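The exercises below are meant to be worked through with the structure in view. Try each task before reading the solution that follows.

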Amino acid sequence: MLAYDPSTNPLNNNEWSFPLLEIIHIASFAISIGTIFIVDLRLLGIGMRRQSSAQLLKDTAPWTLVALAVVLMSGPMIFSSDPNMYLHNPGFRFKMDVLLVAIVYNYTVHRRVAQSNPTPVLGALVGGVSLALWVSVVFGGLFIAFT
Amino acid sequence: MSLLQLFQWLQQTEFATALRESALVYPTVMATHLTGMALFGGMIFITDLRILGIAMRGTSVSDVVTQFRPWKRFGLVLVATCGIMLAWSKAEYYYHNPFFWAKLTLLMLVGVHAMVFRNSVYNNTAELDRAPVMPTNAKVAACLSLALWIGILSMGRLIGYYEVTI
């Protein structure tokens, strides 16, 4: 931050670049979180019951990963438009904390349990936590504009 | 009463004013709109890519479409309810916003898309699974659906960038 002047950032010098980046960020988070939700619904036992959670995970994981990669590229670019504002924003800080937990959880507990075709109780617990984490990430992101 | 007067009246209702001025409820409705998009939009995206033979190839088109259906409906109700609340609360502003009308136009085209392709594609998935190659009209339906929803998402985001002074 020392010698960084956001006014030199192309994002702040082109009318369309910032909204376009946001659209990419939103579309890719919808895909990554949407595909995680598909596995969560199965773990909760309330959707996609003709497939096993292991099968659904295998089917959706590449799309989750690709979309998450786009999210994690567009996000820092958005951040770069005004780092000081984001760093002091409670919504942003909350979002980053939950996001870190959500990503680690997704690629450890969530993946392992989904692959093991768990008992209904364990599945519901793991799917429920996943759902809560990702919903919190979205809420944190939106509240950046309001906190 | 003209359309503008209707939108002005909508924005001035007690409900709209309370919603617009609430520091907690307004962003919560917006965040729910976005969360619903992950459920609804994510499933639309995967359905279309499945029809195109790109995603979820381990699951039949029938299993994808029929098992997503109740959740897509739930997601649509969630997204639409929140969307209507957001538009209602700022109806007069939205009336002057071209991106709002562009979004509504695209949403009407989604209705046309559904009428055109429902019988031959989305209610005909067993046939699609039996076909040796995916029929062209199903692929066209999937591509149009992707284009329409990306357009709707884009117009929705751009609504927030158009400044209206009343």
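Two residues are taken to be in contact if their C-beta atoms, placed from the backbone, lie within 7 Å. The model is a predicted one.

**Exercise 1.** Work out how many residues each chain gives to the contact between chain A and chain B, and which helices of chain A take part.

*Solution.* Begin with the totals: chain A contributes 28 residues and chain B contributes 27 residues. Next, look at the side of chain A that touches chain B, where helix H1 (17–43), helix H2 (53–80) and helix H5 (120–143) of chain A each provide at least two residues. The largest share of that side, 13 residues, belongs to H1(A). Finally, sort the side of chain A that touches chain B by class, which gives 18 nonpolar, six polar and four charged residues.

**Exercise 2.** Determine how H1(A) and H2(A) are oriented to each other.

*Solution.* Start from the axes of H1(A) and H2(A), which come within 8 Å and cross at roughly 155°. Angles over 145 degrees count as roughly antiparallel, and H1(A) and H2(A) are therefore roughly antiparallel to each other. The crossing of H1(A) past H2(A) is left-handed. The residues of this contact of H1(A) with H2(A) comprise 17 nonpolar, nine polar and two charged.

Notes
Residues are numbered from 1 along each chain as its sequence is written. Chains are lettered from A and ligands numbered from 1 in the order in which they are written. This is a predicted model: local features need pLDDT of at least 70, side-chain atom pairs count only at pLDDT 80 or more; totals for chains, interfaces and linings use all residues. Helices (H or I, at least four residues) and strands (E, at least two) are DSSP runs, numbered from the N terminus. Ala, Val, Leu, Ile, Met, Phe, Trp, Tyr, Cys and Pro count as nonpolar, Asp, Glu, Lys and Arg as charged, and the others, Gly among them, as polar. Axes are lines fitted to C-alpha atoms, for helices over the stretch in contact, and angles run from 0 to 180 degrees between N-to-C directions. Angles under 35 degrees count as roughly parallel, over 145 as roughly antiparallel, 65 to 115 as roughly perpendicular and the rest as oblique. A crossing is left-handed if the near helix is turned anticlockwise from the far one by less than a right angle, and right-handed if clockwise.
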